Amino acid sequence: MEFGGSSSSFCLQQQQHRVAPFIRTIGINSSGEWRRRRSSTKTGYSNIVRCCNPVSYKKFVDFALDQTTTHTHLLPSPLQEKYNSMNSKDGKGELSMLSFQAAKIRLLRSLIIKSETMQVLDFTVFPKAEYDTPIFCANFFTTARTNIVVLDLNPLHDIINQGDYKEKYFKSLIPLGLKYAEHFPWGGKLTSESIKFFSPIVIWTKFTSSPQNYDILYSAFRDYYKVWLEMVGSAVKETDESQILRNLQAQHRYLTWRAEKDPGQGVLKKLIGDTLAKDLLRNFLFNGVDELGSKKFSDYFPQYCCDEDNKKRSTIGKSFESRPWDANGEFLGNIFKLRCAISF
Ligand code: BLA
C-alpha cells in the first residue's frame, strides 16, 4: 500500500530521523529560549541518564517510523528544529522529541523521557482533517515498579452513540482488543471525557515492571500501529467541506482536552519548569491547539466551568471501574450513553 512518495527518496529521510535527534541536546539560554548544542558522547546519547528499568521506548518509536516509511514518504516537521532534545533542570533526565508529517498525516510526534526514576513514551499521530481516521495514541509512564499505559486508536467521532463510525473503523478490530484485554486488566476509574476519547479496543492498564510485560506491550504496540497504518492507507480523502470541518473540530476538541488535562503536566513542570512545560504541551505535544480552532476548553467542556481551580488536573466524576465494553464491542452504560449523546 502506498500513501504516495517514492521509497528511494525516503532513504535519506530515514537516515536523518535515526541520527539527527540523538546527536543533539538542547539547553536554555539566559532569555529562556531553546538552543541546540552537541552532545559530548560518541554515540550521541547523553551519559547522564542511568535508568535501571528494563524497557527502552526508543525501539517502539523506531518500529513505528520504519513501518510508516513502508507506507508513505515521511518529511521532517517544521517543529523538529526547535523540539529535538533537552535536559531536565537537574541535569539527570533527558527528553527526546521527534516530529514528522506525510501526505495523510498532519503530525507524527514522539516524546521520550528518560530520568533516573522514570521512562515515558508519548507517541501520537494526527491524520490530516481530510481524513476521519482515528488518532494513534501510545502513552506509557514507567517507574521501577509500575507502569501506566494507554494504547489506542482514539476515535475522532462519537462511537458510543453513533454506530456508523464504530462499524467503519473498530468492528473488525474487536478480536485484537480482546486478545490484549486478556493480558492487560482494565487500569481503573477514568473520567467520562477520557472514555469518550477511547475506543472499544483501548488498552488502559497499569502493571508491574517486568520484561515479559514489556514484551507483550511491544507486541501490542506493533499490532495496533500496523492496523492503524492500514486504516490510514486505505482512507479516502474527504472532499465535502462540511465533513472536513467536522473532522477539524473533532481534532481541535481532542487537542484542547489533552493540552489542558494531560496527567503528565506535573511531571513535565518538575522536569523542565513551568514555562518550557507549557510550551512543550501547547506547541509540540498538542500542536494545533492554538491554530486549528478558536474554541476554548470551557466551550468544549462546560462541565468544568465551575471547577474552583481548573488549572489543577482535577477530573470530574471519575467512573468506569471495569472495562465498559463487552466482548462484542458494545458499550455498557446506558445512563452515560444518554449524557454523552447530549455533550458530544
Ligand atoms: C496517568 N495518563 C494517566 C491516566 C490516563 C492517562 C487516562 C490515568 C489518570 C486519569 O484518569 O487521568 C492518559 N488520558 C490519557 C490519554 C488520554 C486521556 C492518553 O484522556 C487521551 C485522550 N503521561 C504523559 C506524560 C507523562 C505522563 C508525557 O503523557 C509524564 C511526563 C505521566 N500519566 C502520567 C502520570 C500519571 C498518568 C504521572 C498518573 C497521574 C495520577 O494518577 O494522578
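I began with the lining of the second largest cavity, to which α4 gives the most, with three residues; helices here are DSSP runs of H or I with at least four residues, and strands are runs of E with at least two, numbered from the N terminus. A cavity is a set of points on a 1 Å grid over the protein atoms alone where a 1.4 Å probe fits but cannot get out, and lining residues have an atom within 4 Å of a point. I noted that this is a predicted model, in which local features need pLDDT of at least 70 and side-chain atom pairs count only at pLDDT 80 or more, while totals for chains, interfaces and linings use all residues. Residues are numbered from 1 along each chain as its sequence is written, and side-chain values use heavy atoms, without hydrogens and water.

I looked up the volume of this second largest cavity and found about 40 Å³, as the space filled by probe spheres set on the points, which are joined across faces, edges and corners. Its lining includes Gly177, Tyr180 and Tyr224, and the elements that give two or more residues to that lining are α4 and β10.

I then turned to the packing of α4 (residues 174–183) and α6 (residues 211–234), whose axes lie 11 Å apart at an angle of about 165°; axes are lines fitted to C-alpha atoms over the stretch in contact, with angles from 0 to 180 degrees between N-to-C directions. That makes α4 roughly antiparallel to α6, a term for angles over 145 degrees. Among the residues that meet, with heavy atoms within 4.5 Å, I listed Gly177 and Tyr180 in α4 and Tyr224 in α6.

How values were computed:
Parallel < 35°, antiparallel > 145°, perpendicular 65-115°, else oblique. 1 Å grid on protein atoms, 1.4 Å probe; cavity = no way out; pocket = protein on both sides within 12 Å on 5 of 7 lines; lining within 4 Å.
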